[in-house]
Amino acid sequence: MELILWRHAEAEPHETPKPDAERALTPKGRKQATRMGEWLDRHLPDNCRILSSPAVRTVQTAEALDRKFKTHPALATDSTAEAILEAANWPNSKEPVLIVGHQPTLGHVVTLLLNGAAQDWSMRKGSICWIAQKADDEIEATYIKAILGADLAGK
């Protein structure tokens, strides 16, 4: 299975009077999301299942990919690494899964899969971490296939 974790792009600051889930992307965040969305569109398989947190900033980030996606309540701002893995059907999904979500939870997913325990690990805004399992004929192992920041995803 392949699991692609995409942290939402830059959003309005926490200090805005809006509830956290309603914070939108900034103009810089829209550019980050567009760049990464274009990169992902070139590299993701057509059968990739795409799930997003219902928060405005993650939905806007997912929209930049210009593919069909579903919001999933288990990916909200208060989610856990375990809830994200369950929503993705890790490690049993037959198709790749892209999760558009939040820090610190996405970092917890990475460390849980690679180290066996959820720990603090930071993902930059707009970046991805692509995690995969080796093929059935190889020694079972989870590994990082790619890590890419939005600033490097340009054409």
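Strand E1 (residues 2-7) and strand E5 (residues 128-133) run antiparallel and are joined by 5 bridges. The model is predicted: local features need pLDDT of at least 70, side-chain atom pairs count only at pLDDT 80 or more, and totals for chains, interfaces and linings use all residues. Residues are numbered from 1 along each chain as its sequence is written, and side-chain values use heavy atoms, with hydrogens and water left out. Strands (E, at least two residues) and helices (H or I, at least four) are DSSP runs, numbered from the N terminus. Two strands pair if DSSP finds at least two bridges between them.

**Strand E1 and its partners**

- Glutamate 2 has alanine 132 of E5 as its bridge partner.
- On the parallel side, 5 bridges join E1 to strand E4 (residues 97-101).
- Two of the E4 partners can be named: valine 97 for leucine 3, and glycine 101 for arginine 7.
- Of the 6 residues of E1, 6 are buried, so the strand is largely enclosed by the rest of the structure. Buried means under 20% relative accessible area, exposed over 50%, and partly exposed in between (1.4 Å probe, protein chains only).
- Glu2, Ile4 and Trp6 point one way from E1, while Leu3, Leu5 and Arg7 point the other way. Residues on both faces are buried.

**The sheet**

- E1 belongs to an open sheet of 6 strands with mixed pairing. The order is E3-E2-E4-E1-E5-E6.
- Strand E3 (70-71) and E6 are the edge strands, and each pairs on one side only.

**The whole chain**

- The protein chain has 4 helices and 6 strands. Along the sequence they follow the pattern β-α-β-α-β-α-β-α-β-β.
- The radius of gyration is 15 Å, close to the 15 Å of the globule rule for 155 residues, so the chain is as compact as a globular protein of that length. That radius is taken over C-alpha atoms, and the rule is 2.2 Å times the number of residues to the power 0.38.
- Along the principal axes, the C-alpha atoms fill a box of roughly 50 × 35 × 25 Å.
- Buried residues make up 48% of the 155 residues.
- Among contacts (heavy atoms within 4.5 Å) with a separation of 6 or more, 62% join residues 24 or more positions apart.
- The accessible surface comes to about 8200 Å², and 49% of it belongs to carbon and sulfur atoms. Accessible areas come from the Shrake-Rupley method with a 1.4 Å probe; for residues, only the protein chains shown count as cover.

**Two residues in context**

- Threonine 61 sits in helix H2 (residues 56-63). Its relative accessible area is 0%, so threonine 61 is buried.
- Beyond its neighbours within four places in sequence, threonine 61 is in contact with Trp6, Arg7, His8, Ala9, Leu25, Ala33 and Val100. Trp6 and Arg7 are also among the buried residues of E1.
- Leucine 148 lies in edge strand E6 (residues 142-148). With a relative accessible area of 12%, leucine 148 is buried.
- Outside four places in sequence, leucine 148 is in contact with Met36, Trp39, Ser127, Ile128 and Ala153.
- Threonine 61 and leucine 148 are 87 residues apart along the chain, and their C-alpha atoms are separated by 15 Å.
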